[in-house]
Amino acid sequence: MSIPTFGVGTFRLTGQTVIDSVRTALELGYRAVDTAQIYGNEAEVGQAIVDSGIERDELFVTTKIWTENYAKNKLVPSLRDSLEKLRMPYVDLALIHWPAPGNGVDLSEYMTALAEAKALGLTRQIGISNFNIELTKQAIAAVGKNEIATNQIELSPYLQGRKLTAFLKEQDITVTSYMTLAYGKVLKDPVLAKIADKHHATVAQVALAWALQLGYAVIPSSTKRENLASNLLARDLHLDADDMAKIAALERDGREVNPAGLAPAWD
């Protein structure tokens with residue numbers, strides 16, 4: 001299993017805005033696109049992909065199953081609906097969006113249903129999002145250790161999740177970092193600004209390079225062409241040990257996303 005290290009996210013982007021963002025990203029060379037049922041933009045993402053003219057097998061498309069579709073009789077039909085909106089026969093990766101403990105559907109039920117979606121060819125790989133260590137263990141028990149391609153979690157220089165990421169590494173589960181810029185909060189950080197100046201880079205590039213050097217995949221989003229292009233350059237930025245140590249010291253448990261009823265008890 002392989003997860004592209006760099007993709008474009010579409011969270012909070014809708015309508016023509018998301019079409020333009022994805023189209024621009026694809027023009028710039030992005031080949032991985034991340035969406036979700038709850039984003040309400042799968043049809044627009046699909047349109048941007050079709051309009052790009054890029055062959056399907058050159059792309060890596062991820063969507064996430066929303067909580068209302070976790071029941072065994074709903075998950076596969078909901079993914080078929082997502083594929084119809086995306087205008088493609090399969091996605092490369094389908095994730096359970098939130099563990100949503102106590103929502104009435106047992107974890108083993110929705111993980112088994114997700115594995116069934118893979119067996120049917122609706123998705124090439126399966127994974128999880130926003131799972132803590134204990135729930136990841138339960139997911140592994142439900143579908144098998146080598147079945148879970150990634151755990152997509154909030155990570156940034158302000159929220160480094162060392163315990164969870166160490167566990168995922170032990171399990172050979174790729175870490176996908178979302179909200180790597182902490183809703184833009186890290187862009188004003190003086191420590192990161194100094195590192196950026198040293199490398200003649202932007203603060204966003206430094207934060208993304210930090211995640212990449214730790215072995216994480218990243219999916220930053222932007223509506224601006226210059227930012228989409230600039231973010232890609234993070235792949236070529238090498239931070240030294242001193243830079244990484246300074247960023248490590250920025251940890252402050254700065255979680256931005258923690259919806260009641262959906263989120264687990266974080267490690």
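## Largest pocket

The largest pocket has a volume of about 830 Å³, a volume being the space filled by probe spheres set on grid points that are joined across faces, edges and corners. The model is a predicted one, in which local features need pLDDT of at least 70 and side-chain atom pairs count only at pLDDT 80 or more, while totals for chains, interfaces and linings use all residues. Residues are numbered from 1 along each chain as its sequence is written, and side-chain values use heavy atoms, with hydrogens and water left out. A pocket is an open set of points on a 1 Å grid over the protein atoms alone, with protein on both sides within 12 Å along at least five of seven lines, and lining residues have an atom within 4 Å of a point.

The lining of the largest pocket consists of 36 residues, and Phe11, Met179, Tyr183, Pro220 and Ser221 lie nearest its centre. Two elements give two or more residues to this lining, β7 (174-178) and α9 (225-232); helices (H or I, at least four residues) and strands (E, at least two) are DSSP runs numbered from the N terminus. The most comes from α9, with 3 residues. By class, the lining has 17 nonpolar, 16 polar and 3 charged residues (Ala, Val, Leu, Ile, Met, Phe, Trp, Tyr, Cys and Pro count as nonpolar, Asp, Glu, Lys and Arg as charged, and the others, Gly among them, as polar).

## Aromatic pair at Phe11

Phe11, one of the residues nearest the centre of the largest pocket, also forms an aromatic pair with Tyr39. The pair is tilted, at 5.4 Å centre to centre and 50 degrees between the planes. Rings of Phe, Tyr and Trp (its six-membered ring) pair if their centres lie within 6.5 Å; planes under 30 degrees apart count as stacked, over 60 as edge-to-face and the rest as tilted.

Distant parts of the chain are linked by this pair, 28 residues apart: Phe11 is in the loop between β1 (8-9) and α1 (15-28), and Tyr39 is in the loop between β2 (32-34) and α2. The whole structure has 5 aromatic pairs.

## Second largest pocket

The second largest pocket has a volume of about 200 Å³. Its lining has 14 residues, with Leu159, Gly161, Arg162, Arg255 and Asp267 nearest the centre.

At least two lining residues come from each of β6 (148-154) and α6 (162-170), and α6 has the largest share, 3 residues. The classes are 5 nonpolar, 2 polar and 7 charged.

## Cavity

There is 1 cavity of 30 Å³ or more, a cavity being a set of grid points where a 1.4 Å probe fits but cannot get out. About 110 Å³ of space lies in the largest cavity. It is lined by 16 residues, of which Ile3, Pro4, Phe60, Thr62 and Ile219 are the closest to its centre.

Strands β2, β3 (60-65), β6 and β8 (217-218) give two or more residues to this lining, and β2 supplies the largest share, 3 residues. The lining divides into 10 nonpolar, 5 polar and 1 charged.

## Helices α2 and α3

The axes of α2 (residues 42-52) and α3 (residues 72-86) come within 7 Å and cross at roughly 40 degrees.

Glu42, Ala43, Val45 and Gly46 in α2 meet Ser82, Lys85 and Leu86 in α3, where contact means heavy atoms within 4.5 Å. This contact has 3 nonpolar, 2 polar and 2 charged residues.

Conventions: Axes are lines fitted to C-alpha atoms, for helices over the stretch in contact, and angles run from 0 to 180 degrees between N-to-C directions.
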